[in-house]
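Visitor: Please put the structure on the screen. I would like to ask what stands behind the terms used for it.

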Amino acid sequence: MGSASTAVSAVLEPVACCAPLAAPTVSDEEAAATAALFRALGDPARVRIVNTLAMNAEPVCACEFEPALGLSQPTVSHHLKKLVDAGLLEREQRGKWAYFSLKRDAVEKLAAVADLKGACC
């Protein structure tokens, strides 16, 4: 298995193998994957990107995030790449423009991971 295969696995693994925080036990691998997922959301700009995409039924052009976030194009691209690498977003190229949408299975995994209902208190 070459480094390209490893990179692909790293991109897909965080969402694919996370365990709910309220699970009876969490393996080391599940804990690491869950932490990676939360790291991807650990920046306010990324949270706002996910929020924007969650509120839109259609994919959103990367160019729309610059004015909405008040960030430069390279910074927006950096945040979008982090979210794509974490497995949360899908990227679709349309000519010279990139459009982004939430991966539905990733959203369901994120909701399950963050579900602490009935865990305590």
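Visitor: Which elements each supply at least two residues of the lining of the largest pocket?

Guide: In this predicted model, helix α5 and strand β3 each supply at least two lining residues. Helices (H or I, at least four residues) and strands (E, at least two) are DSSP runs, numbered from the N terminus. α5 gives the most to the lining, with six residues.

Visitor: What makes a space a pocket, and what makes a residue part of its lining?

Guide: On a 1 Å grid over the protein atoms alone, a pocket is an open set of points with protein on both sides within 12 Å along at least five of seven lines, whereas a cavity is a set where a 1.4 Å probe fits but cannot get out; lining residues have an atom within 4 Å of a point. Of the 13 residues lining the largest pocket, Ala 62, Ser 77, Leu 80, Ala 98 and Phe 100 are the closest to its centre.

Visitor: What volume does the largest pocket have?

Guide: About 230 Å³. Grid points are joined across faces, edges and corners, and the volume is the space filled by probe spheres set on the points.

Visitor: Why is His 79 called buried?

Guide: Buried means under 20% relative accessible area, exposed over 50%, partly exposed in between (1.4 Å probe, protein chains only). His 79 has 6% relative accessibility, so it counts as buried. His 79 lies in helix α5 and, not counting residues up to four places away in sequence, touches Asp 43, Ala 45, Arg 46, Ile 49 and Leu 71. Contact means heavy atoms within 4.5 Å.

Visitor: What makes a set of residues a nonpolar core?

Guide: They are buried Ala, Val, Leu, Ile, Met, Phe, Trp, Tyr and Cys residues joined through side-chain atoms within 4.5 Å. The largest such core has 22 residues, and Ile 49, Leu 53, Phe 65, Leu 80 and Leu 89 have the most contacts inside it. α3 gives the most to this core, with four residues. Leaving aside neighbours within four places in sequence, the contacts of Ile 49 include Phe 65, Leu 80 and Leu 89.

Visitor: How many helices and strands does the chain have?

Guide: Six helices and three strands, in the order α-α-α-β-α-α-β-β-α.

Visitor: What do the numbering and the values rest on?

Guide: Residues are numbered from 1 along each chain as its sequence is written, and side-chain values use heavy atoms, with hydrogens and water left out. As the model is predicted, local features need pLDDT of at least 70 and side-chain atom pairs count only at pLDDT 80 or more, while totals for chains, interfaces and linings use all residues.
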